[in-house]
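Please open the model in a viewer and keep the sequence panel at hand.

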Amino acid sequence: MILDKERQIQDSLISKEYRDALAIEHVNTTLAIQIRKMRENRQWSQSDLADRLGKHQETISQWENADYGRHSITTLKALAAIFDVALLVKFIPFSELVKDMVNLSNNRLSPPSFSEEQNYAHAFKSFCTTLNSTEGALTTANNPGLLPHDIPGFVILASTANVKAHENDRTIERELVHA
Amino acid sequence: MIKVNLFDYIDLDGVNIVRTWLDHRDAKTKAKLNTRLNILEQTDRAEWNKLNTEVLQGDKDGLIAVRVEYKGIQYRLLGYDGPNRGEFTLLACGTERNDKYIPLDIGNAAFQRRTTVEKNPSERRTRHDFR
């Protein structure tokens, strides 16, 4: 079904006016959602975020409205710093836009902060050490998961990291949660 | 987490009324509306209320409006959760001005179409077309 939608969106790009508008609307809408999701994942109210930025709560409400569409690069840079995530603004072909449009996972809309990534990396290393594994894969997600009992110092939070580690001939997949 | 698939109502003549209505909007408006529908389809149903959807009351009780504002016009796409779990069917499209829907009978039309869909879901609806 995702392929069907991808093909449909690709077909719709024939009209220049439509594809230009679609690109703009996708950016506008996903930015508003990202700001809200990153704020909520940190359990901040709109007022909390406004205080951190020296803005009014109403301004944050506007930024989180999918109909707003006037986010400036300056604002986005400030938000990236507050959320401790990177901001990447670049030109891409429409084919990449379409792929992004059909793959709006929670993890992509609310990326982990730098410290979360560090904690995930630490948890991953501990996990691999426990398994006596030298290789594996780490991806982050935002679904609550179970805590491996054998890694002390970690508790269950809203954010988790999915890990895959290789032990001898088998692959072990777990969700880790940082403290 | 429950994500839903979006469906469009197909009338008795086989016309996709959502697609037809969207095709009569200008390109920018259509892009705006399709963008919102695409986001909704990938959003946990429990979070739809954070994306400008509204559970309607009164004479439209049981319907849900997808609310999109563009260039001063309040667009409304009315639908309902169903006919099956994990599905949302778009039934009627219009605008809202001064707390009144245009067309005025959009609620009744949506209810009638919902009944039609419930009776024959395989013929009276199709997956939303994002073209």
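Contact, in this tour, means heavy atoms within 4.5 Å. The model is predicted: local features need pLDDT of at least 70, side-chain atom pairs count only at pLDDT 80 or more, and totals for chains, interfaces and linings use all residues. Residues are numbered from 1 along each chain as its sequence is written, chains are lettered from A and ligands numbered from 1 in the order in which they are written, and side-chain values use heavy atoms, with hydrogens and water left out.

**First stop: helix α5 of chain A**

Select residues 73–83 of chain A, helix α5; helices are DSSP runs (H or I, at least four residues) and strands likewise (E, at least two), numbered from the N terminus. Thr75(A), Leu76(A), Leu79(A), Ala80(A) and Phe83(A) are buried here, where buried means under 20% relative accessible area, exposed over 50%, and partly exposed in between (1.4 Å probe, protein chains only). The partners of the buried residues are α2, α3 (46–53) and α4 (57–63) of chain A.

**Second stop: α3(A) against α5(A)**

Leu49(A), Arg52(A) and Leu53(A) of α3(A) touch Ala78(A), Leu79(A), Ile82(A) and Phe83(A) of α5(A).

Move on to Asp84(A), which follows α5(A) and is placed in the loop between α5 and α6 (94–101) of chain A. Its phi is near 60°, a positive value in a residue other than glycine. Asp84(A) is partly exposed, with a relative accessible area of 38%.

Which peptide bond is cis, with omega near 10°? It is the bond from Gly82(B) to Pro83(B), and Pro83(B) lies in the loop between β4 (73–81) and β5 (87–97) of chain B. Then select Ile102(B) and Pro103(B), whose peptide bond is cis, with omega near 5°. Finally, centre on Asn98(B), in the loop between β5 and β6 of chain B; this residue is exposed, with a relative accessible area of 71%.
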